[in-house]
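Biologist: I am new to this structure. Could you take me through it?

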Amino acid sequence: SAAASSSFDLRTYWTTLISQIEEALDAAVPVRYPESIHKAIRHVVLSPGAKRAPPIMCIASCELVGGLRSAAFPAACALEMVHAASLVHDDLPCMDASPLRRGHPSAHALFGVDMAILAGDALFPLAYQHIVTHTPSPDPVPLSIIPLVLTEIARAVGSTGMAAGQFLDLSGAAAGSEKEILQVLEKKFGEMAECSAVCGGLLGGASDQELEALRRYGRAVGVLYQLVDDVLMESNGGTGKMRSNASIVKAVGMDRSLELVEEVRAKAKKELDKFKDKYGEKVLPLYSFVDYAIERGFVVEGR
Amino acid sequence: PALEPAVSTDFDFRGYMLEKAAVVNCALDAAVPLAHPDRIHEAMRYSLLAGGKRVRPVLCLAACEVAGGADAWAMPAAVSLEMIHTMSLIHDDLPCMDDDDLRRGRPSCHRAFDEATAVLAGDALLALAFGHLANPASYPTDRSVPPDRIVRAVGELSRCVGSEGLVAGQVADLEATGVGAPVTLDHLEFIHLHKTAALLEASVVLGAIVGGASDDQIERLRKYARSIGLLFQVVDDILDVTKSSEELGKTAGKDLASDKTTYPKLLGLDESKEFADKLLKAATEQLAGFDPIKAAPLLHLANYIAYRQK
């Protein structure tokens, strides 16, 4: 599969999509009255350096099962809004207290804590509104699919998903066992990737069996990126970004961490193998995400 | 009093409110089961199940009824509206916002738990509200509420709650607090139409949508809801200056002491009462074309909002 992935140009695929996604996001969050909150929302959604991984995952999963890019595009943008909303709240002084996000001042540092909370609160309904008003339906997306997409996003973000992940991370899971740390990573990072893959699959017309495979694939990839981030950070002597208090390397050591990386990579690829017979080369983008998580052969940048 | 009830029928409004609130409370309890991690679910339940009159869910059920639907059709929307109302209160009470230690007579969520848990509990309630409304599994299995109505309801709720709805009202309110310049009547109306009326509008319109109302009926009910939303706030302001703390069960005269802009301050007490009368009339007029028996709950809800003594 290494040879197969290398025949696919992930960099071009990803950067082209980033431009399209950012254009759509830019149009989706105009400055309206009251201006202050809309400026905060724009800062959060259009923040430079974002990799737009949830939307890319969503679109690639939709295209994998033969769906049109236009079917998944509004949901893909909505996923980025929801993702951005969770980051704003994670950065708050009462949470991770991060004055910076990707090297730029975080929303609360620029706009105040109250505006940062409200920007996060507004982005969630905005994401829902975006899906409902922009998804092309009933053709090619049957109307009955849209509630399923909306339900999936709510599940991923909610009290047993990302909110649970952030809660567990804050309440000291960093000092926990391998199992506890993996649970934080699954909830804090795996859920969003899982949800993105499932939403793409739903919008592209995937079967139930395919959706379950995409669910497991997405979750594995979300965890994989974070595991590799931890490993890279430790290898760099502890410098670099830290998106979670829980570090797998500190908990289980480098050797076991590298083993885990391989286990999760194999798990993600195993799920994709199920699509090969039916969809052939269409699996390449999703394969390449798995390898990129580990190789990081280029820096992802938008326009 | 300047306001006299416009109608008196033998409709048992008190009984209706109590009965519906009980059904809604059961549905809310079931919608947020304890799960791992316990503490965040405890915080959600603490705030959501704290009591209150459940005005928004009851409006939703009543609007569904007037459109010809059954309670079971509107219950997912009713539950989601109370969840969103609760999350907005949790976030509003935070130290960086209104900094309130008390809510419904007991410690606010961030006092009973902590700030991070309160932010996350609010976020989770917001997600759960939309999830509950959107999930086909929340509805009767006979597809009495088809997907097009569910999708329309979600679109309506998201508009009423977002940066051009509820959040816009919160922002306008924050920006009006502490500035030297007096708040104009237009700005005051903007705050209330968004901070209070938007969610009441969503309550009525969502009920109408899932109940199968026509576009024309939905728009009439929307006008009804906007009027009672503003009415709610005007009456609140009037009570603050005309009632004692004992009568209100909360600190009276707080608006005057806190320098908050109110209708009595901008219009005077008499003109505020006239405005309330006008809003009540505007609301009830919208109910004229509906079956009077089915519209009785909405009519009495409007009167209740106008004539409540606290």
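**A helix and its surroundings**

Modeller: Let us begin with helix α9(A), whose buried residues are M162(A), A163(A), A164(A), G165(A), Q166(A), F167(A), L168(A) and D169(A). Please keep in mind that this is a predicted model.

Biologist: How many of the residues of that helix are buried?

Modeller: Helix α9 of chain A covers residues 162-170, and eight of its nine residues are buried, so the helix is largely enclosed by the rest of the structure.

Biologist: Which helices do the buried residues of α9(A) pack against?

Modeller: Within chain A they pack against α5 (69-91), α8 (145-157) and α10 (178-204). Chain B contributes α2 (38-48) and α6 (115-134).

Biologist: And what comes just after α9(A)?

Modeller: G172(A) lies there, with a positive phi of about 95°.

Biologist: Let us turn to the interface. How many residues are in contact between chain A and chain B?

Modeller: On the side of chain A there are 42 residues, in contact with 46 residues of chain B.

Biologist: What area is buried between the two chains?

Modeller: About 3,600 Å² is buried between chain A and chain B, and carbon and sulfur atoms give 78% of that area. In chain A, the residues that lose the most area to chain B are L118(A), S159(A) and F167(A), which together account for 16% of what that side buries. F167(A) is also one of the buried residues of α9(A).

Biologist: Now to chain B by itself. How many helices and strands are there?

Modeller: Chain B has 15 helices and two strands. Its radius of gyration is 19 Å, close to the 19 Å that the globule rule gives for 310 residues, so chain B is as compact as a globular protein of that length. Along the principal axes, its C-alpha atoms fill a box of roughly 55 × 50 × 35 Å.

Biologist: What share of chain B is buried?

Modeller: Of its 310 residues, 55% count as buried. Chain B exposes about 12,600 Å², with 52% supplied by carbon and sulfur atoms.

Biologist: How many positive and negative side chains does chain B have?

Modeller: There are 31 positive and 44 negative side chains in chain B, and the centres of the two sets lie 3 Å apart.

Biologist: Next, the backbone. Where are the peptide bonds cis?

Modeller: As background, most peptide bonds are trans, and most residues other than glycine have a negative phi. One cis bond joins Y33(A) and P34(A), with omega about -10°. P34(A) sits in the loop between α2 (10-28) and α3 (35-45) of chain A. Another cis bond runs from D139(A) to P140(A), with omega near 5°. The loop holding P140(A) lies between α7 (113-134) and α8 of chain A.

Biologist: Which residues other than glycine have a positive phi?

Modeller: R52(A) is one of them, with phi near 55°. R104(B) is not a glycine either, and its phi is positive at about 50°.

Biologist: Is R52(A) buried or exposed?

Modeller: R52(A) is buried, with a relative accessible area of 2%. R104(B), by contrast, is partly exposed, with a relative accessible area of 35%.

Conventions
Residues numbered from 1 in each chain as written. Chains lettered and ligands numbered in written order. Predicted model: local features only at pLDDT ≥ 70, side-chain atom pairs only at ≥ 80, totals over all residues. Heavy atoms only, no water. Helix = DSSP H or I, 4+ residues; strand = E, 2+ residues; numbered from the N terminus. Rg over C-alpha atoms; globule rule 2.2 N^0.38 Å. Buried < 20%, exposed > 50% of the residue type's maximum accessible area, 1.4 Å probe, protein only. Areas by Shrake-Rupley, 256 points an atom, 1.4 Å probe, with all protein chains shown as cover. Lys, Arg positive; Asp, Glu negative; His and termini not counted. Charge placed at Lys NZ, Arg CZ, Asp CG, Glu CD. Contact = heavy atoms within 4.5 Å. Buried area = accessible area lost by both parts, 1.4 Å probe.
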